[in-house]
Amino acid sequence: MYGKQRPRCHFGGIPPTPIHPAFRMPSALLSSRPVNHSRPFTRIALVALLATASCTPPARDHRYFGSVTPAKGQVFRFNNGAEPEGTDPGVISGQPDGRVARALFEGLIVSDPQTLMPLPGLAYRWETSADGLVYTYHLRPGLQWNDGTRLDSRDFLYSWTRALDPATVSRNASLLYPIRNGERFNKGEITDPTQLGLAAPDDSTFVVTLENPTAYWLFLNSYYTFLPVPRHTIEKWGVRWTRPEHIVNNGPYNLGYWKQYDRFEFVPNKSYWDRSAVKLDRIIAYTVDDLNTSTNLYKAGVTDWNPSGYIPGPFIPQMRPFADFRQGRYQGVYFYSVNVTRKPYDNVHVRRALNLAIDRLSITRDVLKGSREPWGRLTPEGYPGYQGAPQVAYDPARAREELIQAGYPGGKGFPKLNILFNTSEDHRRIAEAIQAMWKRELGIDVELSNQDWGSYLQATTSLQYDVARRSWIGDYLDPNSFLQLLSAGDGNNRSGWGDPAYDALLKQAARTLDPTERFRLLTQAETMAVESAPFLPIYHYSTTELVKPWVRGLYQTALDYHPLKSIWIDHDWRRHLPRDSSVHP
């Protein structure tokens, strides 16, 4: 390894939707940066939060942050973050997109809301062959799309084949590579879909044959890329099939309303097979990417849940005393991706210099106020038996040596570097910190580029950047969920990096049944990737969220995934407080 590891208020009632003008802040408190006034939420300055959440711990009689009056009825409201790029399960890649897709669609297998263990979904049971290669799923009788059309095993045959079809350009197609001939079909090496290990022998049976035993296969099945999509609607409307006036879905909720850069509203799907288990009458998912605004909407009682990542980092310490603040580790890593197809970033010494010049401890301690842990490799912790690669750490002297080897002593002759990030105050603060570090330690001039979520995804996917903010949340509980990101040609690679030896190690690990040997191979692959530095790890995620005391069925999970079907509102929440609770709201 080329570096040594460094140590490590109560408001009134709830306004109706859309947001009442009273919750818009006066222009004097707005950020000096340009604001898109076409959006429904005006940017609320951090000073607004300061005014109501002092820097001293709150008194014991203010145990909840903001309003403690729930909306009437079974209505659940939360901030979904950036406007999703899309809602087609076979194409999308992103947490905001995935939340919408999983509300509208359901697959063969679903996740337990607390443990994320696989549970029956549209398949009420399944069998696995003795060699671990063949999975036979049995679908529930009477399944329907919400337009009344029958849903059967042929819909899964179509949907999974479509996700693997190179013409679909699915960023997550590699998740289906365990399927026999899945990778070859996706890469165009074979063109006959009947050669895939997928079969629908009858309407209620779906059979999948794998290339090799895959320990995490059932966990994969609950990911949104494996959700069914309606062939009859797609063939009629093409790429416009997800428009509100066209969309056909099968999940617990239907799309009741959508306005771009405003909100999604979901209502129960009367055709859903488990309709009686759906307790909410409506879900409102706002699309607010500003952290200050998101947190103030929660405080004002406009939302019931402010998800992880939407509390401004500097205010995490002040949030901890509140009873509705929750924090815990989960499978996510924040990193920068380097476009190795551009000069001088095709030079491994340049990439190593950038990596070694990042003071991760300073970022997590000073910028993020201790809400995250500094991290120096791609895979997170939490996989029993997996040690992972040695971590890279802050070593400015070694960084300068690497830059000299690259031919840029003291940064002389190095072109201006651009850091790309999507809209978020925390992303900006981190970028500004790294900008200063690279200037101070390497003599490199750095400029910052902020883009909205959709433009940012397009730029990173098409490799139109120098260095870009990235993050990854595990799709399933296995280190391969992270390591496959760097496979050559993977839709989520977005760095241009590839190494046949790295890919060979991942494939060898996939064929290895012994878990100890398999993890040894994965560690070897990760070490190779860390040495090549196409990514610059920064911190290990932890969940930092705000949840109103009346929300039920929303649990902290290892993947920060929360099935919306399980959520309901407890209007008698005050009566259900623990008897020994020292403070009551």
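A nonpolar core here is a set of buried Ala, Val, Leu, Ile, Met, Phe, Trp, Tyr and Cys residues joined through side-chain atoms within 4.5 Å; buried means under 20% relative accessible area, exposed over 50% and partly exposed in between, with a 1.4 Å probe and protein chains only. The model is predicted, so local features need pLDDT of at least 70 and side-chain atom pairs count only at pLDDT 80 or more, while totals for chains, interfaces and linings use all residues. Residues are numbered from 1 along each chain as its sequence is written, and side-chain values use heavy atoms, with hydrogens and water left out.

**The cores.** Select Phe76, Trp160, Trp217 and Phe266, the residues with the most contacts inside the largest nonpolar core, which has 70 residues. Helix H3 gives the most to this core, with 5 residues. A second, separate core of 63 residues includes Tyr383, Phe414, Ile430 and Leu536. Helices (H or I, at least four residues) and strands (E, at least two) are DSSP runs, numbered from the N terminus.

**Helix H3.** Select 153-164. The 12 residues of H3 should span 16 Å at 1.5 Å a residue, and the end C-alpha atoms are 17 Å apart, which agrees; the expected span is 1.5 Å times one less than the number of residues. Of the 12 residues in H3, 10 are buried, among them Phe156, Tyr158, Trp160 and Leu164. Their cover includes strand E5, helix H4 (182-186), strand E6 (198-202), strand E7 (205-209), helix H5 (217-221) and helix H6 (231-237).

Which residues does Trp160 touch, not counting residues up to four places away in sequence? They are Leu108, Leu176, Ile179, Leu198, Phe206, Val208, Trp217, Asn221 and Phe226, where contact means heavy atoms within 4.5 Å.

Strand E4 (residues 123-128) runs antiparallel to E5, and 5 bridges join them; two strands pair if DSSP finds at least two bridges between them. Glu127 has Thr136 in E5 as its bridge partner. Among the 5 residues between the strands, Gly132 takes a positive phi near 75°. Move on to Pro141, in the loop between E5 (134-139) and H3. Pro141 counts as exposed, at 75% relative accessibility.

**Helix H2.** Select 95-104, where 9 of the 10 residues are buried. The buried residues of H2 pack against strands E1 (75-79), E8 (253-259), E9 (263-268) and E11 (305-306), and against helix H13 (453-461).

**Aromatic pairs.** Rings of Phe, Tyr and Trp (its six-membered ring) pair if their centres lie within 6.5 Å; planes under 30 degrees apart count as stacked, over 60 as edge-to-face and the rest as tilted. The count comes to 31 aromatic pairs.

- Phe264 and Phe266 are stacked, 6.1 Å centre to centre with 5° between the planes. Both residues are buried.
- Tyr386 and Phe519 are edge-to-face, at 5.4 Å and 75°. Tyr386 lies in the loop between strand E13 (373-374) and helix H11 (396-405), and Phe519 in helix H16 (residues 515-532), so the pair ties together parts 133 residues apart in sequence.
- Ring pairs link Tyr135, Tyr137, Phe156, Trp160, Phe206, Trp217 and Phe226 into a cluster.

**Charges over rings.** The last stops are two side chains. Arg140 lies over the face of Trp273, 3.7 Å from the ring centre. The charged end of Lys299 sits over the ring of Phe65, 4.6 Å from its centre. The rule asks for NZ of Lys or CZ of Arg within 6 Å of the ring centre and within 35 degrees of the ring normal.
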